[in-house]
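User: Hi there! Could you walk me through this model with a few questions and answers?

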Amino acid sequence: MKKVVIIGCPGSGKSTFARALHSKTNIPLFHLDILYWNPDKTTVEKSIFLQRLKNVLDKDEWIIDGNYASTMESRIEHCDTVFFLDFSTDVCLDGLKERRGKPRSDMPWVESDVLDEDFIEFVRSYNTESRPKVLDLLERFNDKNIVVFHSRSEMDEYIEAL
């Protein structure tokens, strides 16, 4: 395991798992949200984001957490291991609530107590809209080491076993 992609619905715990995996393996960690967002909640130009991502993908080792469907296929092509956090909508919504108002290393700002309704709707529709596309990609890249977690306890057990 040298090049790792961590994907799943927002609120599933991708960044938390990524930090734990990084801590156990010392593989360099990169958060897509840090590559994409500015501290003032604006996005970088797409070309800048893609160049930042390319710079990471060109490295010998990395852990990348985040969805970003437009680059998911490329990241999976370049990786050797995929972790898919395949959780229920309720677990992910709870995850969003738990992280509000807390500083996080994976975001360049602290999320406010008010959740964006469009973002909430994206999370609510993830399992019907985005998940099938993720599963299709994982099927296409079935030569990769693919680990699917269905609960936070499965994630915790995996980290403990490392």
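This is a predicted model: local features need pLDDT of at least 70, side-chain atom pairs count only at pLDDT 80 or more; totals for chains, interfaces and linings use all residues.

User: Which residue in strand 3 is the bridge partner of L29?

Analyst: Strand 2, residues 29-31, also pairs with strand 3 in the parallel sense, over 3 bridges. On strand 3, I63 and D65 point one way and W62 and I64 the other, and all are buried. The bridge partner of L29 is I63.

User: Which residue forms a salt bridge with R140?

Analyst: The count of salt bridges comes to 4. In the one with R140, the closest N and O atoms are 2.5 Å apart. R140 lies in helix 7 and its partner in helix 4, so the pair ties together parts that are 67 residues apart in sequence. That partner is E73.

User: Is D86, which meets R131 in a salt bridge, buried or exposed?

Analyst: The side chains of R131 and D86 meet at 2.7 Å, N to O. R131 is in helix 7 and D86 in the loop between strand 4 and helix 5, 45 residues apart. R131 is partly exposed at 25%. D86 has 10% relative accessibility, under the 20% cut-off, so D86 counts as buried.

User: What is the relative accessible area of D118?

Analyst: D118 sits in helix 6, residues 117-129. Together with D116, E117 and E121, D118 forms a patch of negative charge on the surface. D118 is exposed, with a relative accessible area of 64%.

Key:
Residues are numbered from 1 along each chain as its sequence is written. Side-chain values use heavy atoms; hydrogens and water are left out. Buried means under 20% relative accessible area, exposed over 50%, partly exposed in between (1.4 Å probe, protein chains only). Helices (H or I, at least four residues) and strands (E, at least two) are DSSP runs, numbered from the N terminus. Two strands pair if DSSP finds at least two bridges between them. Patches are made of residues with over 30% relative accessible area and no salt bridge: like charges are joined within 9 Å, nonpolar side chains (Val, Leu, Ile, Met, Phe, Trp, Tyr) within 5 Å. Accessible areas come from the Shrake-Rupley method with a 1.4 Å probe; for residues, only the protein chains shown count as cover. Lys and Arg count as positive and Asp and Glu as negative; His and the chain ends are not counted. The place of a charge is taken as NZ of Lys, CZ of Arg, CG of Asp or CD of Glu.
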